[in-house]
Amino acid sequence: TKLYFKLFLNYSLKRADSIIAISNATSESIQKYFPQYKNKIKVIYNGFNDYRKYSDMSNKNIHNKRYFLQVGCMHSRKNLQISVENFSRLQKIEDINLICIGTSDSQKNEFKDIPGIIFLDNVSDIDLYFFYKNAVATLYPSQYEGFGFPILESMSAGCPVICSNIPSSKEISGYMDEHMFDLQCSNELLHLMKKLMNDSIY
């Protein structure tokens with residue numbers, strides 16, 4: 001139960017000499033519920049798969065149509081539903097795909113009848129780099145995150161990210177507002193998808 005978890009977590013934090021938070025957003029979340037341990041917290045960012053190591057490789061035509069990408073979609077907080085809803089609206093006016101890497105069987109079954117959605121699993125590291133590199137943008141509409149690996153992976157491959165304006169995504173991406181949207185206004189996601197499709201920079 002939530003009460004048991006909170007009591008157990010409090011016991012663990014109390015006994016800890018130091019508490020490592022993977023972002024300032026995570027640190028602030030801990031302080032919100034356990035302010036008494038503020039002075040124990042140290043922010044140490046996660047490492048990530050920096051795809052600049054592949055930047056000298058010749059480009060690989062990983063897919064034959066323009067596409068948006070979402071990586072690591074299994075948990076409900078990743079909000080794949082919002083991506084699918086806005087993609088379906090965009091697809092009515094654009095010839096575009098949505099490639100989802102790392103989904104559950106239930107998600108595949110839920111969205112199997114929507115044209116243009118491609119589900120992939122067990123993608124190699126190099127192929128994932130090319131999926132990032134050649135995407136119009138990576139979608140990251142999460143409700144909550146402590147860090148956000150796909151944001152940094154995508155940016156290191158030279159691909160813009162459209163992300164929800166939650167604290168950790170703001171912190172990790174360094175974006176202000178230009179590629180961020182309010183989860184309460186999903187129309188903003190569609191607007192940004194259209195903008196990046198039409199933006200000659202990308």
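This is a predicted model: local features need pLDDT of at least 70, side-chain atom pairs count only at pLDDT 80 or more; totals for chains, interfaces and linings use all residues.
Residues are numbered from 1 along each chain as its sequence is written, and side-chain values use heavy atoms, with hydrogens and water left out.

Helix 5 (residues 125–134) has Leu128, Tyr129, Phe130, Phe131 and Tyr132 as its buried residues. Buried denotes under 20% relative accessible area, exposed over 50%, and partly exposed the range in between (1.4 Å probe, protein chains only). Helices (H or I, at least four residues) and strands (E, at least two) are DSSP runs numbered from the N terminus. The cover over the buried residues of helix 5 includes strand 3 (67–71), strand 4, strand 5, strand 6 and helix 6 (149–156).

## Nonpolar cores

A nonpolar core is a set of buried Ala, Val, Leu, Ile, Met, Phe, Trp, Tyr and Cys residues joined through side-chain atoms within 4.5 Å. The largest such core holds 24 residues, of which Phe68, Leu98, Ile117, Ile162 and Met193 touch the most other members. At least two residues of this core come from each of helix 3, strand 4 (97–101), strand 5 (117–120), strand 6 (137–140) and helix 8. Helix 8 gives the most, with 6 residues.

Not counting residues up to four places away in sequence, Ile117 touches Val84, Phe87, Leu98, Cys100 and Phe111; contact means heavy atoms within 4.5 Å. A second, separate core has 16 residues, including Tyr51, Tyr67, Phe131 and Cys159.

## Packing of helix 3 and helix 8

The axes of helix 3 (residues 80–91) and helix 8 (residues 187–198) come within 9 Å and cross at roughly 55 degrees. Axes are lines fitted to C-alpha atoms, for helices over the stretch in contact, with angles from 0 to 180 degrees between N-to-C directions. The two helices are therefore oblique to each other; angles under 35 degrees count as roughly parallel, over 145 as roughly antiparallel, 65 to 115 as roughly perpendicular and the rest as oblique.

Helix 3 contributes Ile82, Ser83, Asn86, Phe87, Arg89 and Leu90 to the contact, and helix 8 contributes Asn187, Leu189, Leu190, Met193, Lys194 and Met197.

## Two loop residues

Lys78 lies in the loop between strand 3 and helix 3 and is buried, with a relative accessible area of 14%. Leaving aside neighbours within four places in sequence, Lys78 is in contact with Gln70, Gly72, Cys73, Tyr140, Pro141, Ser142 and Glu145.

Asn39, in the loop between helix 2 (24–33) and strand 2 (41–43), counts as exposed at 76% relative accessibility.
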